[in-house]
Amino acid sequence: MQDPRGDDSVASDFERTAHTAEHLVAIVQAGWRLVISHGNGPQVGNHLYRSELAHEDGLPLLPLDVCVADTQGGMGYVLQQSLANAFHAADLPAVVTTLVTQVLVDENDPAFEAPSKPVGEMIPSEKVMALRDRGWTLVEDQRRGGWRRVVPSPDPKEIIEAGAIKALVDGGVIVVAAGGGGIPVRHAEDGSLEGLAAVIDKDLASAMLAIDLDADGLLILTDVESVYDGYGTENERPLAQVSTSDARERLEAGGFDHGSMGPKLEALVRFSEATGKLAMLTSIERAEQALQGSAGTRVVR
């Protein structure tokens with residue numbers, strides 16, 4: 001929901017989400033039902049940083065799983081209100097709700113030893129040393145000309161509230177769920193749930209949720225119209241369709257950025273392999289055309 005030009009104000013979040021909501025309403029008008037997920041990379045990183053700064057003045061430190069939960073609620077509120085307003089403007093009856101969602105992960109996932117998920121804003125080079133002294137793990141984003149904080153990103157194994165989400169969907173509710181990939185949790189020895197310090201990839205969690213719900217399709221909306229072969233080079237070209245086997249070869253060869261397009265393509269492959277149903281990526285502006293087959297990239301089994 002954040003402006004890619006760098007305006008991360010709440011007002012900008014509402015403005016961009018209202019724009020997104022108009023396109024989502026158009027999808028409903030075309031006959032689709034919706035379950036909506038979203039990312040939270042910039043927001044959860046900012047929330048964590050605020051907590052760390054406040055902790056220096058004596059306030060309790062918020063663990064990363066709680067920061068994920070907080071951003072699920074805050075971003076869900078923005079989406080929920082914007083969608084309700086868009087449906088009202090279109091004179092369509094709709095009930096929209098946000099469900100704070102936990103996602104089970106393996107506490108022994110190798111990702112905990114190799115942080116890779118970017119969170120927070122872009123960091124200029126002159127601040128890198130000071131932030132590393134704070135204990136941050138940073139990686140350079142050469143394409144964007146800066147650095148990002150990275151945290152562990154384990155693979156999702158189970159959506160704890162999948163049954164509740166399905167019940168709401170079956171009741172006709174438009175649900176915002178698994179925001180930010182869901183709150184990462186593990187099963188303790190006594191079977192209880194405990195949060196873990198990580199951020200799950202939202203695209204992989206969305207694919208799992210779509211499979212759980214037996215959805216008719218998975219549509220990933222981002223800031224580019226298609227998956228591109230040779231992205232960022234003079235030879236880049238959009239891919240209208242790619243098979244799951246071809247996509248896997250490209251992913252294994254490292255042809256897509258692990259922090260951006262790679263997980264999106266992996267999510268589409270997982271959904272397509274599991275269901276054989278519609279699996280597409282495009283921009284929010286081309287969402288309706290993508291569902292009609294005239295835009296975006298489709299992954300086919």
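Reader: Let's start with H6; which of its residues are buried?

Author: The buried residues of H6 are Asp 203, Leu 204, Ala 205, Ser 206, Ala 207, Met 208, Leu 209 and Ala 210, where buried means under 20% relative accessible area, exposed means over 50% and partly exposed lies in between, computed with a 1.4 Å probe on protein chains only. Before we go on, please keep in mind that this is a predicted model, in which local features need pLDDT of at least 70 and side-chain atom pairs count only at pLDDT 80 or more, while totals for chains, interfaces and linings use all residues. Residues are numbered from 1 along each chain as its sequence is written, and side-chain values use heavy atoms, with hydrogens and water left out.

Reader: What caps the N-terminal end of H6, and what comes just after the helix?

Author: The cap is Asp 201, which has a side-chain oxygen 2.9 Å from the backbone nitrogen of Asp 203. Just after H6, Asp 214 takes a positive phi of about 55°.

Reader: Switching to Thr 297, where does it sit, and is it buried or exposed?

Author: Thr 297 belongs to strand S16, residues 297-300, and it counts as buried because its relative accessibility is 0%.

Reader: Which backbone atoms does its side chain reach?

Author: The side chain of Thr 297 reaches the backbone nitrogen of Val 227 at 2.8 Å, and a polar atom of that side chain lies 2.4 Å from the backbone oxygen of Leu 239. A polar contact is a pair of N or O atoms within 3.5 Å; within protein, one must be able to donate a hydrogen and the other to accept it, and residues adjacent in sequence count only if both atoms are side-chain atoms. Leaving aside neighbours within four places in sequence, Thr 297 is in contact with residues including Glu 225, Ser 226, Ala 240 and Met 280.

Reader: Now S9, please; which strands does it pair with?

Author: Strand S3 (residues 102-104) runs parallel to S9 and is joined to it by 3 bridges, with Val 103 opposite Pro 184. S9 also pairs with strand S10 (residues 193-195) in the antiparallel sense over 3 bridges, and there Val 185 has Gly 195 as its bridge partner. Two strands pair if DSSP finds at least two bridges between them.

Reader: What about the hairpin of S9 and S10?

Author: It has 5 residues between the strands, and Gly 191 takes a positive phi near 90°.

Reader: Which order do the strands of the open sheet of 3 strands have?

Author: The order is S4-S6-S5, with antiparallel pairing. Strand S4 (117-123) and strand S5 (138-141) stand at the edges, each with a single partner strand, so one side of each has no neighbour in the sheet.

Reader: Which helix lies across S4 and S6?

Author: That is helix H2 (residues 41-55), which runs at about 75° to S4; axes are lines fitted to C-alpha atoms, for helices over the stretch in contact, and angles run from 0 to 180 degrees between N-to-C directions.

Reader: Last topic: how many aromatic pairs are there in the whole structure?

Author: A search finds 2. Phe 14 and Tyr 77 have ring centres 5.8 Å apart and planes at 80°, so this pair is edge-to-face. Rings of Phe, Tyr and Trp (its six-membered ring) pair if their centres lie within 6.5 Å, and planes under 30 degrees apart count as stacked, over 60 as edge-to-face and the rest as tilted. Phe 14 is partly exposed at 22% relative accessible area, and Tyr 77 is partly exposed at 46%. The rings of Tyr 49 and Trp 136 have their centres 5.1 Å apart and their planes at 80°, so that pair is edge-to-face.

Methods: Helices (H or I, at least four residues) and strands (E, at least two) are DSSP runs, numbered from the N terminus. Contact means heavy atoms within 4.5 Å.
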